[in-house]
Amino acid sequence: MDAARKHIRRERESLIRTRFTEAFGVEHPIVQGGMQWVGRAELAAAVSEAGGLGLITALTQPTPADLADEIARARDLTAKPFGVNLTILPTINPPPYDEYRQVIVDAGIKIVETAGSNPGPHLPMFHDNGIKVLHKCTSVRHAVKAQSLGVDGISIDGFECAGHPGEDDIPGLVLIPAAAKEIEIPMIASGGFADGRGLVAALALGADGINMGSRFMCTAESPIHQKVKDAIVAGNERGTELIFRTLRNTGRVASNTISREVVDILDKGGQFEDIAHLVSGKRGVKVYETGDLEAGIWWIGTAMGLIDDIPTAGELVSRIVSDAEDLIRSRLAGAIA
Ligand SMILES: Cc1cc2nc3c(=O)[nH]c(=O)nc-3n(C[C@H](O)[C@H](O)[C@H](O)COP(=O)(O)O)c2cc1C
């Protein structure tokens with residue numbers, strides 16, 4: 001069999017089956033995590049169309065009605081199942097979560113990724129409507145708590161990740177197997193995953209798949225400015241900054257003049273009021289819209305060091321699956337022989 005036919009045959013057979021693919025009804029154990037400003041219909045649909053699980057980020061949509069429209073747009077782009085990320089923020093003026101939740105239910109979405117805080121209050125309505133909940137968290141204790149609350153899957157996010165890695169600073173190499181000891185439901189891993197090697201490593205560490213943010217941010221369908229994608233390709237694993245450490249709300253972002261100013265102010269005893277003007281969402285979204293990398297803070301993980309191109313989401317998913325399969329069949333099997 002020539003190489004091309006062999007490749008097609010493998011794609012069709014899609015050999016990697018896990019508790020996650022079975023329970024959540026997706027072809028490949030690859031999830032595109034919720035991403036503020038980035039997780040829109042085009043990207044989520046492209047990931048799902050490729051057999052992964054794409055997620056629309058609910059709070060990127062200014063109102064629940066906009067979320068309904070965004071879900072409809074994704075439905076026009078793929079007939080395959082995609083989900084919605086609902087990030088539960090501990091803010092003084094919370095968004096109307098019950099209205100976003102109602103839209104998700106009414107739209108017939110069957111998978112929700114919750115993150116940020118306790119998913120408990122949202123579970124009964126999701127479960128009553130046949131929606132599976134994948135809860136993303138950054139510590140074993142929070143994963144165990146979510147499991148006891150009855151979520152359907154855990155997404156364990158290591159210190160390498162973009163966004164909020166929590167305050168324990170435990171990288172995936174320890175966090176994933178530590179969680180696997182305690183978690184009996186399907187569990188996927190995130191933070192630093194970008195390729196087939198990462199998928200195999202996650203499986204070896206006890207996870208049932210991977211969730212990626214940074215890597216999917218740098219794909220053709222990701223709705224951000226080309227200059228940001230080029231900066232990710234040019235960047236390396238040292239190009240991130242941890243902000244908000246003193247506020248105990250750590251965030252991993254791209255290192256730029258704004259992130260360094262934020263760290264400087266907080267290190268000198270500053271409080272959130274002193275940096276609020278620097279870290280506003282309005283400034284952050286400008287980076288993605290205009291390509292001005294210094295316009296605000298923007299999220300990216302250490303996986304930046306593993307990202308060297310801008311494929312379509314479909315090419316990326318196929319490549320990860322086929323590289324993982326090759327790695328298992330050849331390098332790992334060969335190591336035993
Ligand atoms: C641009 C960007 C925005 C993100 N926004 C959110 C968000 O709103 N809610 C959330 O749960 N996670 C968010 N994340 C985290 C991702 O869902 C995912 O957990 C993380 O990126 C995994 O680590 P990785 O970047 O190393 O793949 C964001 C990540 C990125 C890169």
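The protein is divided into domain 1 (3-224 + 307-331) and domain 2 (240-299), with bounds that come from an automatic or database domain assignment. This is a predicted model, in which local features need pLDDT of at least 70 and side-chain atom pairs count only at pLDDT 80 or more, whereas totals for chains, interfaces and linings use all residues. Residues are numbered from 1 along each chain as its sequence is written.

**View A. The contact between domain 1 and domain 2.** The C-alpha centres of domain 1 and domain 2 lie 25 Å apart. Across the boundary, 10 residues of domain 1 are in contact with seven residues of domain 2, two residues being in contact if their C-beta atoms, placed from the backbone, lie within 7 Å. On the side of domain 1 that touches domain 2, six residues are nonpolar, three polar and one charged; Ala, Val, Leu, Ile, Met, Phe, Trp, Tyr, Cys and Pro count as nonpolar, Asp, Glu, Lys and Arg as charged, and the others, Gly among them, as polar.

**View B. The shell around the ligand.** The ligand is surrounded by 29 residues, of which the closest are Gly33, Ala115, Cys161, Gly213 and Gly301; a residue is near a molecule if its C-beta atom, placed from the backbone, lies within 6 Å of it. Two or more residues of this shell are given by each of strand S3 (83-87), strand S8 (210-212) and helix H10 (214-217), where helices (H or I, at least four residues) and strands (E, at least two) are DSSP runs, numbered from the N terminus. H10 provides the largest share, three residues. By class, the shell has 11 nonpolar, 14 polar and four charged residues.

**View C. The crossing of helices H9 and H15.** The axes of H9 (residues 196-204) and H15 (residues 313-336) come within 7 Å and cross at roughly 60°; axes are lines fitted to C-alpha atoms, for helices over the stretch in contact, and angles run from 0 to 180 degrees between N-to-C directions. H9 and H15 are therefore oblique to each other, since angles under 35 degrees count as roughly parallel, over 145 as roughly antiparallel, 65 to 115 as roughly perpendicular and the rest as oblique. Gly196, Arg197, Leu199 and Val200 of H9 make the contact with Ile320, Asp323, Ala324, Leu327 and Ile328 of H15. Six nonpolar, one polar and two charged residues take part in this contact of H9 with H15.
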